[in-house]
Amino acid sequence: MVERRAVKRLSRLFHTVRYLRWRQVWFRLYYRVRPLRVPVAGGARPRGGLTLAPCHWGEPATGDGRRFDFLGESGEVATAADWNAPRFSKLWLYNLHYLNDLNAVGADQREALNAALVDRWIDDNPPCTGNGWEPYPLSLRIVNLLKWFARGGEVPTHRLDSLATQARALERQIEWPILGNHLFANGKALVFVGAYLAGEEGDRWLRRGLAILDREIPEQFLADGGHFERSPMYHDALLWDLCDLIHLAERAGLPALSSRRRDWLAVLERGLHWSATLRHPDGDIAFFNDAAFGIAPSLDDLRAYHRRLADASVVERAVDGTGTRYFADSGYAALDLGPGHRALLDLAPVGPDYQPGHAHADTLSFELSLFGRRLLVNSGTSRYGVDRERLRQRATAAHNTVEVDGQDSSEVWSGFRVARRARPTVTRFENEAGRIHVSAGHDGYRRLAGDNVHYREWQARPGELLIQDRVSGAYRQAVARFHLHPDVQAQPDGDGFVLRLSTGGPVRVHCRGADRVTLEPASWHPTFGGSVPNQCIVAAFSGGVTLETAIVWQDHVDGSAV
């Protein structure tokens with residue numbers, strides 16, 4: 001038994017590491033043996049002339065500079081040691097060190113408080129000590145500081161010197177071991193500080209940052225506009241980053257930036273269309289892979305920023321998110337089922353092979369809204385870190401798809417690891433005369449003894465969505481789950497249930513071909529730190545049977561449904 005566990009762990013590690021790029025492995029080893037030393041030198045000076053217009057989103061985390069509220073958790077930061085106190089989670093401490101309050105809503109009315117917060121951070125966090133000097137919080141804080149500096153007047157010398165020291169620390173620990181959105185954040189921060197500070201160092205930071213972005217923007221933003229990590233939450237966060245870069249290019253007066261502005265704007269526009277299309281009727285994101293409300297700017301925030309940046313020709317091509325659309329490059333689809341009715345489908349790989357850290361085992365899952373309200377929801381994300389709850393939320397059973405013999409479709413493990421992963425194939429996507437037909441399959445279960453493949457079809461016509469699930473090969477039991485939004489009330493109805501939403505008529509769900517259909521307790525995690533009880537329809541099937549799940553509703557002509 002011990003040997004079997006050891007072999008399983010080695011196999012899992014092999015199938016995780018085999019996808020890494022050589023640069024990730026090399027720099028992970030190099031950074032572990034190389035001490036981080038950063039020269040602390042004065043004399044930093046701005047280039048002059050850079051002013052950035054305020055563009056805020058998100059509420060401030062503090063009202064007095066001592067008590068902060070992140071991720072649904074409050075904590076007091078009264079001493080220097082509290083900036084790295086072990087009683088807080090790593091993610092909470094990261095948020096503390098970002099200094100997002102400098103650019104949150106109403107920041108212009110908190111200038112004295114923000115200035116005191118910046119000076120306190122400098123005094124309490126000596127160079128290269130603690131969470132705040134890790135590359136990701138460095139990147140976000142540098143940009144926050146620069147945007148704050150560029151809105152005000154003359155910047156005191158000690159703040160400029162601290163900024164330069166932080167940029168040196170970032171330059172020495174670029175996140176080559178991680179890549180993905182972290183590397184993007186590093187490049188953006190170097191561009192910002194290089195555009196702001198004069199001299200040889202500033203020029204070098206600008207060049208290095210642009211070199212990173214020139215490589216990463218075409219790789220990370222796919223041809224259909226989607227971000228390659230396949231997380232709607234991170235997608236929107238990086239669109240805001242693009243807006244910031246375009247804004248900087250407009251204001252800095254540097255040819256190296258202005259020459260890239262139009263290309264960045266084109267990427268932004270495609271990304272906005274992707275984001276607008278893969279939305280529920282309530283205007284917010286779907287929960288595919290790591291996703292939660294309140295972490296990234298809203299679509300309204302992004303559109304408002306875009307309007308300030310785009311020229312007239314771009315503004316005229318309004319970002320439209322309606323209709324049925326399959327984004328083949330990123331692998332997501334939106335089905336327009338009528339006014340207020342929308343299905344969002346995950347036909348995507350878990351992410352880039354070398355960085356699937358934000359992936360869930362959710363291949364061929366979907367979410368559904370009817371009558372303008374969410375009906376079926378994936379688990380969401382309430383936490384990062386390494387624990388059972390994090391793993392449970394990433395598991396196949398936490399999503400609206402099929403689990404085979406108690407196994408996940410992709411081998412998610414630890415907090416941000418994936419070993420063998422599902423590869424989806426879309427064989428049909430048709431939308432004709434109000435009828436939609438989508439067929440797909442994935443090979444994530446071929447590692448099992450039955451060499452299994454999960455096939456799923458969605459067929460939509462007015463008032464009905466039919467989902468057909470089939471698993472090839474031998475297996476003991478397959479389970480399809482349909483997680484209900486917490487506001488949905490379910491009552492048994494033969495081989496299924498009658499569902500009632502707060503608006504619209506009843507919805508009937510019937511599962512044909514199931515060995516048994518039950519309603520079980522579950523939980524939904526719409527925010528970091530949040531957990532809401534809900535219910536889940538569980539349909540177990542076996543023996544090569546095709547499970548047919550019919551979701552039926554009726555639009556009323558009297559206006560009671562929207």
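Select helix 4 and helix 5 first: helix 4 passes helix 5 in a left-handed crossing. A crossing is called left-handed if the near helix is turned anticlockwise from the far one by less than a right angle, and right-handed if clockwise. The residues in contact are E111, N114, A115, V118 and W121 of helix 4 with R141, L145 and W148 of helix 5, where contact means heavy atoms within 4.5 Å. By class, this contact has 5 nonpolar, 1 polar and 2 charged residues. In this classification Ala, Val, Leu, Ile, Met, Phe, Trp, Tyr, Cys and Pro count as nonpolar, Asp, Glu, Lys and Arg as charged, and the others, Gly among them, as polar.

The model is predicted: local features need pLDDT of at least 70, side-chain atom pairs count only at pLDDT 80 or more, and totals for chains, interfaces and linings use all residues. Residues are numbered from 1 along each chain as its sequence is written, and side-chain values use heavy atoms, with hydrogens and water left out.

Axes are lines fitted to C-alpha atoms, for helices over the stretch in contact, and angles run from 0 to 180 degrees between N-to-C directions. Helices (H or I, at least four residues) and strands (E, at least two) are DSSP runs, numbered from the N terminus.

Next, select helix 11 and helix 12, which pack at an angle of about 150° with axes 11 Å apart. Helix 11 and helix 12 are therefore roughly antiparallel to each other. From helix 11, the contact involves R261, L265, L268, L272, S275 and A276; from helix 12, L299, L302, R303, H306 and L309.

Move to R279, in the loop between helix 11 (261-277) and helix 12 (299-309). Is R279 buried or exposed? At 4% relative accessibility, R279 counts as buried (buried means under 20% relative accessible area, exposed over 50%, partly exposed in between, with a 1.4 Å probe and protein chains only). The R279 side chain reaches the backbone oxygen of G283 at 3.2 Å.

Then select E411, in the loop between strand 8 (402-404) and strand 9 (412-413). E411 is buried too, at 15% relative accessibility. Its side chain makes a polar contact with the side chain of R420 at 2.8 Å. A polar contact is a pair of N or O atoms within 3.5 Å; within protein, one must be able to donate a hydrogen and the other to accept it, and residues adjacent in sequence count only if both atoms are side-chain atoms.

Finally, select L29 in helix 2 (residues 22-33). L29 is exposed, with a relative accessible area of 52%. L29 and P177 are 148 residues apart in sequence and 8.9 Å apart in space, C-alpha to C-alpha.

Notes
Angles under 35 degrees count as roughly parallel, over 145 as roughly antiparallel, 65 to 115 as roughly perpendicular and the rest as oblique.
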